[in-house]
Amino acid sequence: MLKVCKFGGSSLSDAKHFKQVKAIIEADKDRKCVIVSAPGKGEGERDKITDLLYLCFQHNKYHVEFDSLFERVEQRYLTIKKELNIDYPIENDIKDIKDALKAGEMTEAKLVSRGEYLCAKLLSAYLGYSFLDAKDLIHFKFDGKVDEKKTNEDITKAFSKVEKAVIPGFYGSYPNGDICLFSRGGSDVSASYFAEALDAYLYENFTDVSGFYMADPRIIENPLKINEISYDELRELSYAGAQVLHAETIIPLMEKRIPLEVLNSNHPEEGGT
């Protein structure tokens, strides 16, 4: 039995949230496939890692100094490593990324994908799980559509060799090996393809809210929570502007009727939708 769990950027923003995620995963032995976003806004942090990486690329592209921006990215990961005493040389990966960017050997998509890549590296070491790179598992055609057959085959093959794994979300690769990104929020979609390929009995999407509500809680005080909705209703809500979940998330789930539960990583005991 296997669950696929996806943790968003707000759930992995700092060391405190990494601890929460570890506790959630270790509370259920079926949580064997973990998909992660890049760290989001944390306490005292006003920027998402993904946004900072986009800025770094644009600065370098137009020959503007980006060292101070990149240092903010570097410090986020080094602080998590230090505070949790994670035994993984993340600083080596960070140096390689910076050197490649300065040398003009880094596409925008690859640079931006490193947010998820570095996060997955740290979390896999922290949990003692295997690390699997999404570029080897999520395959895009040159028209930007996912090659579902090859993706399913390679995910299944990879998990026949490991028991538990952490995988970076948001990206995969073209047939020539170049990195291809989903649209923003695409780690939700990444996890759906893993749930489909592995015949997961549940896909748990952990974010910073306890599911969907009848109204925006930032506008309406104490709105009622939606405990259960259909795939179609969920997709309509997402297209209508509900930012809890990427609109394309349910497509890989529908054929196999895999349930999706949206949960709050800060308060998993509250249940979700």
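H63 lies in the loop between α2 (49-61) and α3 of this predicted model, where helices (H or I, at least four residues) and strands (E, at least two) are DSSP runs numbered from the N terminus. Residues are numbered from 1 along each chain as its sequence is written. Because the model is predicted, local features need pLDDT of at least 70 and side-chain atom pairs count only at pLDDT 80 or more, whereas totals for chains, interfaces and linings use all residues, and side-chain values rest on heavy atoms, with hydrogens and water left out. The phi angle of H63 is positive, at about 60°, although H63 is not a glycine. With a relative accessibility of 74%, H63 counts as exposed, on a scale in which buried means under 20% relative accessible area, exposed over 50% and partly exposed in between (1.4 Å probe, protein chains only). A positive phi, near 55°, is also found for D199, a residue other than glycine. D199 belongs to the loop between α7 and β7 (202-207), and its relative accessible area of 52% makes D199 exposed.

Helix α3 spans residues 67-84 and contains R76. The relative accessible area of R76 is 6%, so that R76 is buried. Leaving aside residues up to four places away in sequence, R76 touches S13, P39, G40, G42, E45, D47 and I49, contact meaning heavy atoms within 4.5 Å.

The second largest pocket has a volume of about 220 Å³. On a 1 Å grid over the protein atoms alone, a pocket is an open set of points with protein on both sides within 12 Å along at least five of seven lines, in contrast to a cavity, where a 1.4 Å probe fits but cannot get out; lining residues have an atom within 4 Å of a point. Grid points are joined across faces, edges and corners, and the volume is the space filled by probe spheres set on the points. The lining of the second largest pocket comprises 14 residues, of which S13, D14, E45, R76 and T79 are the closest to its centre. Both α1 (15-26) and α3 supply at least two residues of this lining, and α3 gives the most, with 6 residues. By class, the lining holds 3 nonpolar, 4 polar and 7 charged residues, where Ala, Val, Leu, Ile, Met, Phe, Trp, Tyr, Cys and Pro count as nonpolar, Asp, Glu, Lys and Arg as charged, and the others, Gly among them, as polar.

Two helix pairs were also examined. Helix α4 (residues 90-102) packs with helix α5 (residues 108-127) at an angle of about 170°, the axes being 11 Å apart; axes are lines fitted to C-alpha atoms, for helices over the stretch in contact, and angles run from 0 to 180 degrees between N-to-C directions. The two helices α4 and α5 are therefore roughly antiparallel, given that angles under 35 degrees count as roughly parallel, over 145 as roughly antiparallel, 65 to 115 as roughly perpendicular and the rest as oblique. On the α4 side I90, D93, I94, I97 and L101 meet L111, R114, Y117, L118, K121 and L122 of α5, a contact with 8 nonpolar, no polar and 3 charged residues.

Helix α6 (residues 148-159) and helix α7 (residues 187-197) pack at about 70°, with their axes 9 Å apart, which makes α6 roughly perpendicular to α7. E148, T151, N152, I155, T156 and F159 of α6 form the contact with Y193, F194, E196 and A197 of α7.
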